[in-house]
Structures are given as C-alpha cells and as structure tokens.
Amino acid sequence: MSTQNLPIDTAVEQYVTSRADATQSTRERHRYRLSKFTDYCSQADVTHTSQIDGSIIEGFRQDRLADDNTSIKTNEQCLHTFRVFLRYLERVEACSEGLSEVVIIPKVPDAQESRDTHISHERAQQIINHLAKYEWATTKHVVFHLTYHTGLRRGALYALDVQDWDSEGRVLHVRNRDNTPLKLRADGERNLSITDDRLAVALDDYLKDVRPAVRDDYGREPLFASSHGRYHYMSLQKIFYAASRPCQFADKCPVDGKSIDSCEATYRDNASKCPESVSSHPIRRSAITHQLNEDVPKEIVSERMNVDEGTLDKHYDARTREEKRERREDYLDSV
C-alpha cells in the first residue's frame with residue numbers, strides 16, 4: 001500500500017529531480033517520455049499515484065503501442081522509462097509494491113533497431129548546401145553542419161564553450177564539465193579535427209557576427225547561445241527537425257497532394273510533424289554511416305564519434321549489405 005499520495009505531475013517532477021546521477025539531456029528525455037503518461041492520465045481521469053494499478057499500466061502500454069507516429073523502438077524506450085519511474089514510486093511508497101513488474105516491454109526486432117533511421121549523404125549535403133547559401137553561419141547552419149561532420153551528440157553540442165574552438169588549429173575540444181557533463185563523462189572527452197574548410201569558416205563567422213555576447217548561469221561562454229544564454233537541448237533538437245524538412249531545402253512537400261502553403265509542419269514549432277524531418281540522433285548515425293562508406297577504419301570512426309565498435313555495428317552502421325560488399329570489393333580488387 002502507498003503511504004503518500006502524489007499528484008501525477010508532481011510525482012514525475014520529483015522523479016526527474018531525483019535523477020541527479022544522470023546528465024541533463026537524460027533527465028529531459030525522461031521528462032518528455034513521462035509526459036506521455038501524464039497525458040494518458042488526464043484522459044483516463046487519473047490524478048494521483050494511488051490510482052495507478054495494473055489496468056492503468058496496461059492501458060498506457062496499449063496507448064503507446066497504438067500510436068502510429070512513433071516507432072517500436074521509441075515505445076520500448078518510453079516504457080522502460082515508465083518502469084523505472086514506477087520503481088521510484090515504489091521506493092518512496094507513493095504507489096503499491098510490485099507495479100513496476102506489471103509493465104511489459106515490447107521486443108524490438110533486430111531489423112527495426114535504431115540504425116534504420118538515417119538520411120543519405122546526398123540529402124545531408126543538399127541540406128548543408130542550402131543552409132550555406134541562404135542561412136550562412138546562422139546557428140542552424142553551424143549546428144547541422146558540425147553535427148554531420150563530427151557526429152557529435154546533442155549533449156556535446158550543448159556542452160561546448162567558445163574557448164573549445166581553436167580557429168587557428170581548426171580543432172574542436174569536447175570537454176566534460178560539472179555543469180554540462182557529457183554522456184560518457186571524462187571518457188567522452190576528445191579533440192576533433194575540423195577538416196571541412198567551409199565549416200571552419202562558418203564557425204569563425206558565426207562567432208564574429210552571429211553569436212550574442214552572453215554568458216550562462218555559471219559565467220561560461222556557451223558556443224551555441226541565444227540572447228538568454230546557453231541554447232537549450234530542445235532548442236537544439238528543433239534545429240534538426242526544421243533543417244531536415246524537404247520544404248526547406250528542396251522546396252517540396254513529401255506528402256502527396258499536399259501543398260507547402262497548407263502544411264502545418266512549415267511552422268518551426270511543428271517541424272517534427274513532417275514525416276521526413278529527423279532529430280539529431282539520425283544525423284549522428286548518418287555521419288557515422290557516411291564515414292564507414294568512405295572506408296574510414298572502424299577504429300578511427302569509433303574514436304571520433306565516441307562509440308565502441310560493438311555498439312557502432314549494432315546501432316549506428318546503417319549501410320546495406322550491398323554497400324558493405326562494395327566496400328570489401330574495393331579492397332579485394334588490389335589483392
């Protein structure tokens with residue numbers, strides 16, 4: 001039996017706050033996933049944690065699986081977070097014991113693993129060329145171009161400071177700091193060569209002409225900043241959704257029979273509703289896939305992208321069997 005009865009919204013915020021061990025980006029992801037549960041509770045007239053029972057849990061699970069706009073992988077992650085949330089509620093005696101064991105997590109088939117979501121190198125270059133021509137050195141241009149060139153995680157983009165860019169040496173220093181920890185903490189630190197001349201010049205121009213002269217709450221100069229301070233995680237995420245819409249870089253709508261003028265996804269805040277827009281992670285995956293296709297050794301890709309080779313193979317290498325065969329054939333021709 002529960003000994004304290006918390007409002008659902010309060011319980012979610014209390015749980016997120018309790019995750020002091022996690023990075024801010026992880027806490028934001030958990031808050032977003034659990035917002036799906038609070039939405040479901042509003043529809044089901046569930047206001048407090050004492051009302052959560054097996055039927056509510058199964059109802060939420062079915063609600064997630066019925067959402068055609070999300071993948072099985074996304075639903076799996078959402079339900080994993082939901083189960084962790086319930087374990088927290090059990091620990092603070094805000095719900096009945098054993099409820100977390102009721103959550104059934106869907107199994108994601110190997111063929112539907114996250115590596116399937118990526119964009120082609122040609123599309124990435126089309127987006128970059130468009131941004132370079134029409135939005136040169138804007139935050140959108142530099143964030144997208146830098147991510148595709150380096151494969152940086154969104155949390156690393158958020159953590160960058162002005163001092164991390166060595167313009168003369170064309171090296172970007174990725175560092176773990178107390179207030180902006182990297183996903184892998186100190187193991188995520190590395191120096192990245194910026195070998196794309198156009199990107200290096202765009203970074204310089206961004207710092208000279210675009211970036212506002214602001215500091216964050218800790219007195220640091222964030223590389224990506226608005227007039228209010230360090231760019232928020234979700235603001236960075238919106239950049240990728242906005243930049244990857246075909247109506248932006250190809251002047252066409254991917255939905256048959258729909259005009260650009262009548263599409264709600266043309267508005268920046270609705271960009272994620274476009275069926276062909278993607279978040280930051282697929283851009284990272286696409287960058288990894290492109291470098292593998294260019295015969296960059298896996299060891300080098302692993303170090304540059306800060307991912308071990310096993311995880312790289314399972315979650316990031318989006319090359320087809322034919323693409324892999326062609327790469328092997330290029331080597332074998334000289335044997």
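Q: Are Asp164 and Arg177 buried or exposed?
A: In this predicted model, Asp164 and Arg177 form a salt bridge whose closest N and O atoms are 2.7 Å apart. A residue counts as buried when its relative accessible area is under 20%. Both Asp164 and Arg177 are buried.

Q: How many residues apart in sequence are the parts that Asp164 and Arg177 tie together?
A: Asp164 lies in the loop between H7 and S1. Arg177 lies in the loop between strand S2 (171-174) and strand S3 (190-193), so the parts tied together by the pair are separated in sequence by 13 residues.

Q: Which residue meets Arg230 in a salt bridge at 2.8 Å, N to O?
A: Arg230 belongs to strand S5 (residues 229-230), and the pair links distant parts of the chain, 69 residues apart. The partner is in the loop between helix H7 (154-159) and strand S1 (165-166). The side chain that meets Arg230 is that of Asp161.

Q: What is the relative accessible area of Asp161?
A: Buried residues have a relative accessible area under 20%. Arg230 is buried, with a value of 13%. Asp161 is also buried, and its relative accessible area is 3%.

Q: Which residues are linked in a network of salt bridges?
A: A search of the whole structure finds 15 salt bridges. The residues linked in a network are Asp161, Asp164, Arg177, Asp216, Arg220 and Arg230.

Conventions: Residues numbered from 1 in each chain as written. Predicted model: local features only at pLDDT ≥ 70, side-chain atom pairs only at ≥ 80, totals over all residues. Heavy atoms only, no water. Salt bridge = Lys/Arg side-chain N within 4 Å of Asp/Glu carboxyl O. Helix = DSSP H or I, 4+ residues; strand = E, 2+ residues; numbered from the N terminus. Buried < 20%, exposed > 50% of the residue type's maximum accessible area, 1.4 Å probe, protein only.
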